[in-house]
Amino acid sequence: MTDLSELDRGAAPGAADPVKVLLHRHRELCERAVDPLEIAAGLEAHGITDRTAARFRHRDVFSLAEELYARVPRDADTATDGSAAPDAPAREGGGRRSVTVLLLPLLPGALCAASLVALTRTHGQTRLYAAAAGVLAVALALRAALRRGPLALPDRLASRSATGSWTCWLLAYAVLGDGLLHTAIAGGPDGLPDGTADGDWPLSLAPLLALTLAVAPATWTAGLFLTHARRKLATSRGLEDFAASVRPVLLGAVALFLGTVAALVALCAPFLDTEPVSPAVLALGALLFVARLLTVHGFTHAPRVILVLTAAALVLAPATVFAARLPGCGALGAPVEALTAAWGPTAVPVLTCGAGALTLLVHASRTLTRASAHLRPEQAR
């Protein structure tokens, strides 16, 4: 973080060229920037605001960034040195990558649907093998889909996110949790899940199918948000102006994704004999989508904390019901039993995931509306 007190001294009225001081401190940022917008975003990331820019005799950070960009010497021959010929294969390769990014997110949903079909046509031990193969195939497809495109983590963030295991816990609860909670309140379960919705420990496969199918619209919606945010960055003339213009884009992207998830749940319902509307799936989908958006833009702490707390709350709900069976501990399960009696087992994930999603959305409306949130992945935040 830049020492703003030193910047104030550099921008004092007695300074002959206050911008030169700033250029010296941020020369690396200015030299590698491809346009003034990247310099503006980098300056904001270092704590320089429009008010600070006024001390450098500029009306806002964007105007200051334009002068810094103009002062850095650049090679004027890079665009005219005959490099157009090698660009053709590069464009062709970029087109292939674009098609891959567009179609690869469809793979998890397709494999999940195929796995569910295999489960309906197998029995006994063969069904167990089919389930294991399906889980492995979907997991590999999800990993491949999330390694490219707008939802891919930059290399510098891969080791900092650490949210994959908690996401798996949330997905596992979406499949097993409601059935376990309902059975636990009734005094069970008396056995392990057998892969059916009518067993002693019923499964709910509709959320898993809907959420894997939603990987594609999540990727495309994130791409739309990124594109529109960068366009807003190009037309804004101040940090506050940019924040005010990109906030509706963020909310619209989340609303578009939720509408898509709701449509997918309704489409899956007739095939899996489930309700056409599932608030629990919408809440979980919103939580995972906003958490991923924050993570890929470099804000890893809040998503990790919220996912951990949400997963812990979901695990705690059936745990309290089981603990209530111990002598003298009957009161432990009373809150969860009262909640499920009034609203059903889905009330637990709706409340926990919904609260987590709302918390992250409020956080995202303050962080993803910063210009510095839209730096190139290779630039330090």
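Author: The core and its setting

The largest nonpolar core has 73 residues, and Leu43, Leu68 and Leu368 touch the most other members. A nonpolar core is a set of buried Ala, Val, Leu, Ile, Met, Phe, Trp, Tyr and Cys residues joined through side-chain atoms within 4.5 Å. Buried means under 20% relative accessible area; exposed is over 50%, and partly exposed lies in between (1.4 Å probe, protein chains only).

The model is predicted: local features need pLDDT of at least 70, side-chain atom pairs count only at pLDDT 80 or more, and totals for chains, interfaces and linings use all residues. Residues are numbered from 1 along each chain as its sequence is written, and side-chain values use heavy atoms, with hydrogens and water left out.

Take Leu368. Setting aside residues up to four places away in sequence, Leu368 touches Phe225, Val246, Leu250, Leu293, Leu294, His297, Phe299, Ala373 and His374. Contact here means heavy atoms within 4.5 Å. Another core lies apart from the largest one. That other core has seven residues, including Leu119, Ala130, Leu209 and Cys268.

Now turn to Leu43. Leu43 is one of the buried residues of H4, along with Glu38, Ile39, Ala40, Ala41, Gly42, Glu44 and Ala45. Helix H4 spans residues 36-45, and eight of its 10 residues are buried, so the helix is largely enclosed by the rest of the structure. What does the covering? It includes helix H2 (18-25), helix H3 (27-32), helix H6 (61-71) and helix H14 (239-272). Helices (H or I, at least four residues) and strands (E, at least two) are DSSP runs, numbered from the N terminus.

Gly42 belongs to helix H4. Its relative accessible area is 3%, so Gly42 is buried. Cys30 is 12 residues from Gly42 along the chain, with 8.9 Å between their C-alpha atoms. Just after H4, Gly47 takes a positive phi of about 90°.

Helix H14 also takes part in an aromatic pair. The structure holds one such pair. Its rings are those of Phe257 and Phe289, with centres 4.4 Å apart and planes at 15°, so the pair is stacked. The pair links distant parts of the chain: Phe257 sits in helix H14 and Phe289 in helix H15 (residues 279-296), 32 residues apart. Both Phe257 and Phe289 are buried. Rings of Phe, Tyr and Trp (its six-membered ring) pair if their centres lie within 6.5 Å; planes under 30 degrees apart count as stacked, over 60 as edge-to-face and the rest as tilted.

H14 and H15 also reach a pocket. The second largest pocket has a volume of about 600 Å³. It is lined by 30 residues, of which Asp178, Ser204, Pro207, Ser278 and Thr346 lie nearest its centre. H11, helix H12 (206-213), H14, H15 and H18 each give two or more residues to the lining. H11 gives the most, with seven residues. A pocket is found on a 1 Å grid over the protein atoms alone, as an open set of points where a 1.4 Å probe fits, with protein on both sides within 12 Å along at least five of seven lines; lining residues have an atom within 4 Å of a point. Grid points are joined across faces, edges and corners, and a volume is the space filled by probe spheres set on the points.

Two of these helices hold a buried threonine. Thr183 lies in helix H11 (residues 164-185). With a relative accessible area of 10%, Thr183 is buried. Beyond neighbours within four places in sequence, Thr183 contacts Gly188, Pro189, Asp200, Trp201 and Pro202. Thr212 is in helix H12. Thr212 is buried at 4% relative accessible area. Again leaving aside neighbours within four places, Thr212 contacts Pro108, Gly109, Cys112 and Val138. Thr212 and Leu107 are 105 residues apart in sequence, yet 8.7 Å apart in space, C-alpha to C-alpha.

Step back to the whole chain. The protein chain has 18 helices and zero strands. Buried residues make up 43% of its 381 residues. Of the contacts with a separation of 6 or more, 74% join residues 24 or more positions apart.

Confidence comes last. pLDDT is the predictor's confidence in each residue, from 0 to 100. The chain averages a pLDDT of 80, and 82% of the residues score at least 70. Among the elements, helix H1 (residues 4-10) has the lowest mean pLDDT (43) and helix H18 (residues 347-367) the highest (95). Over residues 76-94 the pLDDT is below 50, and this stretch has two contacts beyond near neighbours in sequence. Over residues 377-381 the pLDDT is also below 50, but that stretch has 17 such contacts in the model.
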